[in-house]
Amino acid sequence: MAAIKTVIFGAYGMFGHDLAAVYPGAVLRGHELDITDEGAVAACIRDLSPDLIVNAAAYTDVDGCEDNRNLAFAVNGEALAHIASACSDAGATLVHYSTDYVFDGSKTEYIESDTPAPINVYGASKLLGEQNIAKNMDDYRIIRTSWLFGRHGKNFVETILHLSKQMDQVRVVNDQVGKPTYTVDLARKTPEIVGLEPGIYHVTNDGVCSWYDFARAIIANVVPCSSAEFPRKAKRPAYSVLTNTKTAPLRHWSGALSDYLNAKGEFH
């Protein structure tokens with residue numbers, strides 16, 4: 001059987017690095033390809049003629065999206081219409097990653113078929129991306145995930161480690177609940193999802209916690225606070241727990257966190 005020709009968009013970001021390790025023969029595209037440029041995307045996909053496109057490109061600054069609404073919708077939403085259309089024309093499968101923030105947090109957990117209702121610009125822009133994929137092609141896998149941390153980029157674990165060294169006490173909210181997810185585990189799960197039926201999948205590490213619980217597993221000098229005490233530009237859902245009903249769950253986030261910290265030399 002011939003090897004599947006794979007292209008990764010957003011290949012040089014935190015998650016893209018781990019996807020590149022899972023797909024070692026893939027063609028990598030990062031900032032040199034502007035995914036909001038319909039002509040450039042169409043030409044790239046037409047010229048490479050891939051079997052599989054894995055899109056890890058996104059604008060993920062949740063608070064920044066509130067200030068840069070047009071950019072958020074262009075990158076996370078509108079770009080997916082022409083990526084999906086070009087994939088359809090090429091006969092390629094598309095894997096795209098979405099977010100727990102497509103939900104409003106009014107339920108304690110969400111399955112794949114629950115109705116999205118985002119409460120911030122980031123979530124709304126990612127939901128538009130999901131809708132544009134479904135409108136423009138059939139052979140797609142949308143993977144919703146949450147609270148990503150990985151070795152190749154800025155993330156919550158890095159921020160907490162840094163703050164712990166700068167401050168006597170680090171205040172972290174204890175009223176936002178979700179599932180941390182290690183980019184290495186998510187990347188390794190992706191080929192399995194490609195082999196399943198088209199549709200939407202929830203993929204996270206197992207185990208539910210608050211941001212405070214997560215921080216407490218990283219550092220000792222952390223104290224809980226409420227979201228009201230720590231206001232942010234973008235509203236966050238109180239519960240954004242993604243429940244996976246379609247595949248076997250990933251390992252518990254605590255084990256993934258241990259691997260991450262050990263790889264960094266931060267032993268616990």
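The crossing of helices H2 and H4 is right-handed. The contact is formed by Glu38, Val41, Ala42 and Ile45 on the H2 side, and by His82, Ile83, Ala86, Cys87 and Ala90 on the H4 side. The model is a predicted one.

**Packing of H2 and H4**
- H2 spans residues 38-48 and H4 spans residues 69-90.
- Their axes lie 9 Å apart and meet at an angle of about 25°.
- Angles under 35 degrees count as roughly parallel, and H2 and H4 are therefore roughly parallel to each other.
- By residue class, the contact of H2 with H4 comprises seven nonpolar residues, one polar and one charged.

**Cysteines**
- There are zero disulfides in the structure.
- Cys87, part of the H4 side of the contact, has its closest cysteine sulfur in Cys44, at 9.7 Å.
- That separation is too far for a bond, because a disulfide requires the sulfur atoms to be within 2.5 Å.
- Cys87 is buried, with a relative accessible area of 0%.
- Cys65 also counts as buried, at 0% relative accessibility.

**Thr190**
- Thr190 sits in helix H7, which covers residues 183-194.
- Its relative accessibility is 0%, so Thr190 counts as buried.
- Leaving aside residues up to four places away in sequence, Thr190 touches Leu19, Tyr23, Val95, Tyr97 and Ile143.
- Thr190 and Ser258 are separated by 68 residues in sequence and by 22 Å in space, C-alpha to C-alpha.

Notes:
Residues are numbered from 1 along each chain as its sequence is written. This is a predicted model: local features need pLDDT of at least 70, side-chain atom pairs count only at pLDDT 80 or more; totals for chains, interfaces and linings use all residues. Side-chain values use heavy atoms; hydrogens and water are left out. Axes are lines fitted to C-alpha atoms, for helices over the stretch in contact, and angles run from 0 to 180 degrees between N-to-C directions. Helices (H or I, at least four residues) and strands (E, at least two) are DSSP runs, numbered from the N terminus. Angles under 35 degrees count as roughly parallel, over 145 as roughly antiparallel, 65 to 115 as roughly perpendicular and the rest as oblique. A crossing is left-handed if the near helix is turned anticlockwise from the far one by less than a right angle, and right-handed if clockwise. Contact means heavy atoms within 4.5 Å. Ala, Val, Leu, Ile, Met, Phe, Trp, Tyr, Cys and Pro count as nonpolar, Asp, Glu, Lys and Arg as charged, and the others, Gly among them, as polar. Buried means under 20% relative accessible area, exposed over 50%, partly exposed in between (1.4 Å probe, protein chains only).
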